[in-house]
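Subject: Structure handover

Hi,

Here is the structure I promised, with the sequence alongside. My notes on what turned up follow below.

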Amino acid sequence: MFVLAGAAWLGWHRFGPGPSAPPMAPDAVRVDHILIEKSARLLTASLDGAVVLQADVALGFAPEGDKQQEGDGKTPIGVFEIDRRNPQSAFHLSLGINYPQPKDIENAHAQGIDPGGDIFIHGQPNGVVGMTLPGDWTAGCIALSNAEMAKLWSLTSNGTVVEIRP
């Protein structure tokens with residue numbers, strides 16, 4: 001029942017007005033590495049090794065282990081890159097990571113399963129104002145508060161390395 005109610009609520013808010021994207025920071029201050037430590041539920045964005053932003057994160061609803069297949073609720077582990085940006089996301093902004101990688105696709109196909117995809121770093125669902133949802137609630141993405149996501153959005157370019165550790 002909770003999942004159905006949550007899905008209906010998210011679907012309803014998906015069609016609401018999207019957030020406006022904050023302006024990009026100058027190239028000289030954009031981050032070059034994002035580290036996500038799943039066990040600590042922590043994102044650290046850095047430039048030349050200096051920490052620029054740290055934020056608590058929510059993960060997929062079944063975060064232990066590496067993502068294996070579509071719908072498993074796991075956040076993938078590995079080294080990826082930001083490969084797309086969506087200011088009109090169903091969530092407050094979103095930065096896509098290039099999952100699945102060729103090895104993920106190969107492993108999934110060898111097992112006869114779909115590796116999944118559409119893994120993003122994003123804010124809260126559109127329509128959630130003034131709060132951050134508790135716990136691990138995404139389908140495999142990494143979620144931040146809206147304020148932290150707006151800052152990360154402005155500091156992150158396509159091609160930024162994203163390292164996700166267990």
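Of the 166 residues in the protein, 44% are buried. Please keep in mind that this is a predicted model. The accessible surface comes to about 8500 Å². Carbon and sulfur atoms account for 60% of that surface. Now take the contacts in the protein with a separation of 6 or more: 60% of them are between residues 24 or more positions apart.

Overall layout

The protein has three helices and eight strands. Read from the N terminus, the elements go α-β-β-β-β-β-α-β-β-α-β.

The sheet

Eight strands make an open sheet with mixed pairing. The order across the sheet is β3-β2-β1-β8-β4-β5-β6-β7. β3 (50-56) and β7 are at the edges. Each has a single partner strand, so one side of each has no neighbour in the sheet.

Here are the pairings to look at:

- β2 (residues 42-47) with β3: antiparallel, over six bridges. A45 has L53 of β3 as its bridge partner. T44 is opposite Q54 in β3. Two residues lie between the strands of this hairpin, and D48 there takes a positive phi near 50 degrees.
- β1 with β8: parallel, over five bridges. E37 is opposite R165 of β8.
- β4 with β8: antiparallel, joined by four bridges. G78 is opposite I164 of β8.

Next, turn to α3. This helix lies across β1 (33-37), β2, β3, β4 (78-86), β5 (94-97) and β6. The angle between α3 and β3 is about 145 degrees. Which residues of α3 are buried? They are M149, A150, L152, W153, S154 and L155. The buried residues of the helix pack against β1, β2, β3, β4, β5 and β6.

The charged end of R85 sits over the ring of W153, 4.0 Å from the ring centre.

T156 comes up next. T156 lies in the loop between α3 (146-155) and β8 (161-165). Is T156 buried or exposed? The relative accessible area of T156 is 0%, under the 20% cut-off, so T156 counts as buried. What does T156 touch, beyond its neighbours within four places in sequence? The contacts are M24, V31, I34, I82, R85 and L95.

The structure holds two aromatic pairs. A pair of aromatic rings is described by the distance of the centres and the angle of the planes.

The pair of F80 and Y99 is edge-to-face. Their centres are 6.2 Å apart, with 75 degrees between the planes. F80 is in strand β4, and Y99 is in the loop between β5 and α2 (102-111). The two are 19 residues apart, and the pair links distant parts of the chain. Both F80 and Y99 are buried.

The other pair is F91 and W137. Their ring centres are 6.0 Å apart. Their planes stand at 35 degrees, so this pair is tilted. F91 is in the loop between β4 and β5, whereas W137 is in the loop between β6 and β7. The pair therefore ties together parts 46 residues apart in sequence.

A buried proline

Last, P125. Where is P125 found? P125 is in the loop between β6 (120-122) and β7 (142-143). The relative accessible area of P125 is 1%, so P125 is buried, the cut-off being under 20%. L93 is 32 residues from P125 along the chain. The C-alpha atoms of P125 and L93 are separated by 9.4 Å.

Best wishes

Note on methods. Residues numbered from 1 in each chain as written. Predicted model: local features only at pLDDT ≥ 70, side-chain atom pairs only at ≥ 80, totals over all residues. Heavy atoms only, no water. Buried < 20%, exposed > 50% of the residue type's maximum accessible area, 1.4 Å probe, protein only. Contact = heavy atoms within 4.5 Å. Pairing = 2+ DSSP bridges. Axes fitted to C-alpha atoms, helices over the stretch in contact; angles between N-to-C directions. Areas by Shrake-Rupley, 256 points an atom, 1.4 Å probe, with all protein chains shown as cover. Phe/Tyr/Trp six-rings, centres within 6.5 Å; stacked < 30°, edge-to-face > 60°. Lys NZ or Arg CZ within 6 Å of the ring centre and 35° of its normal.
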